[in-house]
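Let us learn to read a model one feature at a time. Please open the sequence and the structure side by side.

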Amino acid sequence: MAGELLIHEVDIELSDDVAVRNVSLSLDRGTIGCLMGPSGCGKTTLLRSIAGFADLSHGHIEIDQKIVADVNQALPTEKRQVGMVFQDYALFPHLNLRDNLKFGLQGVKAKDANARIDELVRRVDLTGLLDRYPHELSGGQQQRAALARALAPRPKVLLLDEPFSSQDAHHREQLAREVGQILRDEGVTALLVTHDQYEGFAMADMAGVMNQGRLLQWSNAYDLYHMPTDRFVAKFIGEGILVCGVVTDHNKLQTDFGELTGELSQPFKPGQIVDLLVRPDDILHDDDSPLKGEVVEKTFRGSEHLYQVKLPTNTRVFCVAPSHHDHYIGEKIGLTLALDHLVVFATDNA
Amino acid sequence: MAIKSTALVALVSILISLPTLVVLGSFFVPDYALWSHLLDTVFTRYVANSAVVAIEVAIGTFVMGVSSAWFIVNYQFPGRNIFAWALMLPLAFPGYIFAFFVQPLSAYLPFVPAREWVSFCLIMTLYPYVYLSARAAFIDQSVCALEAARTLGCNRRQAFLQVALPMARPSIVAGVTVATMESLADYGTAQYFGLETISTGVLRTWFGHYNLTAAAQLAATLVGAVLLLSALERSLRSKAKFHHASHRYQQMHLSWLSPSGRFGLTALMSFPVVVGFGLPSLWLIHQATGAENFGLNSQFFELAINSLGLAIIVALGLVPLAVMIAISRRDKPSRWSAALAALSRLGYATPGTVLAIGVLVPLVYIDRSLAEAGYTPLGLTTGFGGLIFAYFSRFYSVAANTVEAGLERIHRSMNETARTLGASSWRLISKVYFPLMRGSALAAVLMVFVDIMKELPATLVLRPFDFNTLAVRAFELASDERLAAAAAPALCIVLTGLIPVLYLSRQITRSRAGHGR
């Protein structure tokens, strides 16, 4: 399928610094992408460049196979057919909900505009609130209003800049799922920016992690979690630790857990020292296992316990166990490793 | 303690609003013969002139203030950072001193009526009020709202008209209202051009006929107009409760124009600065060179000492009073204290000419009653008492507004924390309020000081016999076409007028550093 949004080798320079370096990615029509990364990593700047609020110093951006920006020219924002949901919603305080929704429907026949507004209001569950002003809506309603307003003109690409950041932490994931569903119902191509991976995983088909202006990996969410190609991505996404090991064969690794066999994510020569990514769900709690570790810290999470366990070699690892496996701190518990792929990186100090 | 402070607040508020209330009260004892005379002769002319000037000033300051603010906030052009504060410079010129500069020019355009010259002078010196409030509003707006408009299909111009302007409306209306109220209150500019407005009419009635009742009733119409205007502003504002959802300020995306557009904008922004400040300043300096020693003679120094002394004494008296009242109002908020606060604000909305009459009426009444009862009159109208009373009444709200803005930054929780830590009222004031409010109290002293230095009509009426200030003398000399002699005192007033301008510009530079703008 044709790429609806294509970003090709884009550099963006802000007044003092290079904010985005050599970023390429594409999104197919109707898919949802997500850019994650720590604050200042350039993700928002990249998003703004798609909207036309930041100029490129290298590369180009295509929307619907038409170049909207390159080094020499930039189509004005209003001609790009992009929608944007802002972090603070940016609802117009002087307009009621109806007029906010209608704002992007200039030039549309009144009858069609009203039909579109009714459709959206039903879809985002704001029925009956059309005469209210933004300050008369709750936070969640404002957020859905901003989403509906951006969707109203049927943009080719919808951009969402940290849209859930002002919501309660425990609501965000659910909201993200709901918004993801609304976007799929609308069939819109969307790119979300967030620093919260759970939001991203809850709604995105494709996801990427940015750091210091670079897009380190762009893949589906499963691969991002289980097959990170960069140690920053491995640390940023999910929990886990890096355990030191020595490569003994093309598919063998000697570690604190003993010798592990499996395909290495990157080729290394025997004798090389590497770091192995171990996720909490890679380590299973098994009372019969000969490998024992001492519980040094535990976090109760309702349905499960997250244990931090110290191995005899002093390496600390995380282990998730069902909640009824309640062990005390200092207790020695049995562990087994369930790694089907060995995600390894060259050591930091190499 | 609580009762005492409420009583104090009540007493001060009533005293401060007394002159305005007296003038308004005169409306309720109408003199029909007088009114039919007024209506037959001058009244319609006064009202028409005042109304036309007010409307022209409202439109003129709106156009100049809003457009310059928008360009400064949104466009990059040579000199932009300088213009950001230089556009406020004309505020240093009181309208009547700017008139000294404009009046000789009017001879070259004899077909332009005096009324238009008055409007021109007032627009050029009052537009900074609108510029300031519009600029603050534009900066305060969520950049996101403008960007959202762009993603919804608006170009820059449409985004301005449909989003930025309506969102800034409350602030712009407030700025235009201040400018319009100042134009209604203006005495000096209209008098200098010989234009008969309500404001000049009040003093003419008093000086010409010594008819205090007629002056008071005329003044009451002016207060009525001013109150109507401020009520209108309040209703416009309360309907538009614009909450800024955003507290996220992004670097404004400044637009670069084509080279001709850029320099065009520089030229456009230069106009108000050059015409409103540069040229009249140079002209005044040139005039001063026409006088011996630039007019810096013993008479000038006497005037300067009079003006400075009066302004400092009143400012130092008024500001502590405002601080005390602000604190007690805050510690004991009630419907009463809110009403009293609104009452004490009346003074600033009251034109100086009106205030003068409002002070004269009770003082004359007291002296006359004393005389009739066989006592020696106190001579209240011939000393400084009346003048200082008028200043307190007129400038109390200047001090109160500045002080209260400072007080707002002291969160209630600080107050409560200090109390739970066992601080007494005195300790609270000396250790918490005073250190935190020092800046705003000093600002209040400055603002009142400058306003008194510039004040003309009330001083003209209420000053003791043979006592002159810089403002009064400059105006008298200029009216006698002794411009060379008027220049030094006029320059002196402009120089003091620069104090609040520099103060505000420093704040602007600071806020720019904070927001990267």
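Q: What should I know before I start?

A: This is a predicted model: local features need pLDDT of at least 70, side-chain atom pairs count only at pLDDT 80 or more, and totals for chains, interfaces and linings use all residues. Residues are numbered from 1 along each chain as its sequence is written, while chains are lettered from A and ligands numbered from 1 in the order in which they are written.

Q: How many residues does the largest nonpolar core have?

A: First the general idea. In soluble globular proteins, nonpolar side chains tend to be buried together. A nonpolar core is a set of buried Ala, Val, Leu, Ile, Met, Phe, Trp, Tyr and Cys residues joined through C-beta atoms within 7 Å. Buried means 20 or more other C-beta atoms within 10 Å of the residue's own, with C-beta atoms placed from the backbone. Here the largest nonpolar core has 261 residues. Among those with the most contacts inside it are B:A219, B:V319 and B:V448. Helix α6 (residues 114–140) of chain B gives the most, 16 residues; helices are DSSP runs (H or I) of at least four residues.

Q: Which residues does B:V319 touch?

A: Contact means C-beta atoms, placed from the backbone, within 7 Å. Leaving out residues up to four places away in sequence, B:V319 touches B:A399, B:V403, B:A441, B:A444, B:V445 and B:V448.

Q: Where are the domains of chain B?

A: Bounds come from an automatic or database domain assignment. Domain 1 of chain B covers 1–26 + 309–467, and domain 2 covers 31–270. Their centres, taken over C-alpha atoms, are separated by 27 Å. The contact takes 18 residues from domain 1 of chain B and 23 residues from domain 2 of chain B. On the domain 1 side, α15(B) supplies the largest share, 7 residues.

Q: What is the strand order in the open sheet of chain A?

A: Strands are DSSP runs (E) of at least two residues. Two strands pair if DSSP finds at least two bridges between them. The order of the 5 strands is β15-β19-β16-β17-β18, with antiparallel pairing. At the edges, β15 (283–285) and β18 (316–322) of chain A each pair on one side only. Strands β16 and β19 of chain A pair over 3 bridges. A:E294 has A:K332 in β19(A) as its bridge partner.

Q: How many residues of chain B are in contact with chain A?

A: 22 residues of chain B are in contact with 24 residues of chain A. On the chain B side, α7(B) gives the largest share, 6 residues.

Terms used: Buried ≥ 20, exposed ≤ 12 C-beta atoms within 10 Å, placed from the backbone. Contact = placed C-beta atoms within 7 Å.
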